[in-house]
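Okay, shall we get going?

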Amino acid sequence: MNRKGLLLLLLALVLLLSCFLHIQFTEVSSTSAAQANVLWWEFRFPRLISALVAGAGLSLSGLLMQNLFRNPMAGPYVLGINSGASLTTALLMLGGFPLMLHNFGLVGSSLLGAFLAAAFMFFVSWRVQQTTGLLLVGLMFASFTGSIESVLQSWASPEQVKQFFLWNMGSLQQLSAAQVPWLLTLFTVALLWSLLLIRSLNAFVLGQDQAFQLGVRTQRVRFSMLAITALLAGSITAYCGPIAFVGLAIPNLGRQLLRTQDHFLLIIFCLLFGALFLLGCDILSVYLEPYFSLPINVLTSLIGAPYIAYLVLRRS
Amino acid sequence: MISFQNTVIGYQHPLIAIENLTLHAGKVYALLGLNGSGKSTLLKTLAAQTPLLDGALTLNHFPITQLAKDSNLRAQQIAFVSSRFDGIEHLTVVEYVALGRIPYLSVFGKVTVEDQQMVSETLKDLGLTHLAQKRTKELSDGEKQLVSLARAFVQDTPVLLLDEPSSFLDFLNRENLLLALLKWVSRGQRCVLLSSHDIDLCLEHNLPLLALAGGQIQELIGQDKKEVVSVLLKGAVH
């Protein structure tokens, strides 16, 4: 086995170990076995799944976006896809429909927002050929939705604002046991779909014109990539809130460590390391809880932002 | 191998009209023309990237409209080395050249042993074996051009289009490039069309010339440089 295979195997083992560690760390003392059972299924297991799926899914969607726009600084966050999900969720939470949050309203609205944002970006990418222009539009869109959310907050009741504020911080503890199968199903669909794109992703490394020349149905693949990203970013944002930097940082780290553009390896890396990264952040937040409470978004930004800054500095 | 009939080519507006022209297998054609004469548009049309405005165009008996629709067929008939390759981060020369095999791979993009063999043989033919493990970002301009050629060779298509392949090469590499192309077309039913500004090089190797001027194409064989230049300048007079 070569160096890259070994690295991925090692990563898989560390991830497995971290899962056990996470289970250990989230253990809460309980009086009876039945109570412990309830705690496991209602709280600890959904939290574990949240961390795994959010980390793996956001990294995967970041990898797709960076490939599509041929820009290592692209990601669901930068392109406004998370913002689309945030906006529709804010409309729901702050617009006076909090009751709908209990059913499929939350995930439905979030998916809808992510899809609309992705469709908007798809349309813009069709008109604006340059990647920088596209990223700028994405950032403008993010800032625009942010402003609308602020306006909505000023109208909403303190209770609604608090609920939205907590969701907006990102949390791995919001997922309920009943929602676990939904998140897992959406994630599996997105994952299988992206596995079917590996050959095209490798061709896209050369740019879309060359990919076309290599027999890739470029229009269809572009649509698939945005749809997968919307599916992942939308569902994860619905259940865990907007989580920053994971989608941007992990794929870059993957290319740097594996030194490859083979998207078969890069997808495996993003799944493993993305899951490991969020799991690690969550273990750290549990460990630090007695001293101070850190939302997951703060932790990912604390680690992710300096790394991205380092990448930008190194490139220029 | 490539045949035009009452073909009108252009990007939104008609730029070139070709009444009747056939390019034959076993030859390397050089497309000459001043800047803006439409060389790139013609190549892009042949690569099925830009649609025909009117008339008929067939490559290896396949109409271009069919090649534009059927992506697998297109990738197995036409290879296109467009303009300049800048290198891609983290991509080595072997990995880059192997991307030329994509039309023949499964959805997972796994390169087979035969594909790898083909890549290393092509690199050897072009005298590039020593670069195999080098990163594409670290290559010189000339080396980048040559590995792009290797990638196109590996795609193994009857028609190979090259947009100014010699522009970044020194005289030695220009020679090597042309010799490699001539050798390549001599094996099997293949045809190369390259655009160039290097009239001397094309004449030296006796390439059949296609002079593009004033929206017309003229096939020139056996003319000297002065005559070729005067044909090319025809388009620039008004």
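So, this one is a predicted model, and I'd like to start in chain A, in the loop between α10 (218–240) and α11 (246–258), where A:Pro242 lies. Buried or exposed, this A:Pro242? Buried: the cut-off is 20 or more other C-beta atoms within 10 Å, and A:Pro242 has 22 of them. As for who those neighbours might be, if we leave out residues up to four places away in sequence, A:Pro242 touches A:Asn82, A:Ser86, A:Asn168, A:Gly170 and A:Thr237. There's also A:Ile296, which is 54 residues away along the chain, and its C-alpha atom is 9.9 Å from that of A:Pro242.

Staying in chain A, let's go to the helix pair α1 (residues 3–25) and α2 (residues 33–68). Their axes come within 10 Å and cross at roughly 145°, and the crossing of α1(A) and α2(A) is right-handed. Which residues meet there, from α1(A) and from α2(A)? On the α1(A) side you've got A:Cys19, A:His22 and A:Ile23, and they meet A:Arg44, A:Leu48 and A:Ala51 of α2(A). Sort that contact by class and you get four nonpolar residues, one polar and one charged.

Now the place where the two chains touch. Chain A puts in 19 residues and chain B puts in 21. On the chain A side, the elements giving two or more residues are α8 (198–204) and α9 (208–213). The largest share of that side comes from α8(A), with four residues.

Over to chain B, then. We're looking at nine helices and 10 strands here. The C-alpha atoms fill a box of roughly 50 × 40 × 30 Å along the principal axes. For 238 residues, a compact globule would come out with a radius of gyration near 18 Å, and chain B has 18 Å, so that agrees. Of those 238 residues, 44% count as buried. And if you take the contacts between residues at least 6 apart in sequence, 68% join residues at least 24 apart.

The bit of chain B I'd zoom in on is a sheet. Four strands make an open, antiparallel sheet in the order β2-β1-β4-β5. Why is one side of β2 and of β5 (62–63) in chain B left without a neighbour in the sheet? Because both strands stand at the edges, each with a single partner strand.

Let's walk through the pairings. β1 (residues 2–11) and β2 (residues 13–23) of chain B run antiparallel over nine bridges. Within that pair, B:Ile9 has B:Ile16 as its bridge partner, and B:Gln5 stands opposite B:Asn20. The hairpin of β1(B) and β2(B) has one residue between the strands, and B:Gln12 there takes a positive phi near 70°.

β1(B) also pairs with β4 (residues 54–59) of chain B, again in the antiparallel sense, over five bridges. There, B:Ile2 stands opposite B:Leu59 of β4(B).

Note on methods: Residues are numbered from 1 along each chain as its sequence is written. Chains are lettered from A and ligands numbered from 1 in the order in which they are written. This is a predicted model: local features need pLDDT of at least 70, side-chain atom pairs count only at pLDDT 80 or more; totals for chains, interfaces and linings use all residues. Two residues are in contact if their C-beta atoms, placed from the backbone, lie within 7 Å. The radius of gyration is taken over C-alpha atoms; the globule rule is 2.2 Å times the number of residues to the power 0.38. A residue is buried if 20 or more other C-beta atoms lie within 10 Å of its own, exposed if 12 or fewer, and partly exposed in between; C-beta atoms are placed from the backbone. Two strands pair if DSSP finds at least two bridges between them. Axes are lines fitted to C-alpha atoms, for helices over the stretch in contact, and angles run from 0 to 180 degrees between N-to-C directions. A crossing is left-handed if the near helix is turned anticlockwise from the far one by less than a right angle, and right-handed if clockwise. Ala, Val, Leu, Ile, Met, Phe, Trp, Tyr, Cys and Pro count as nonpolar, Asp, Glu, Lys and Arg as charged, and the others, Gly among them, as polar.
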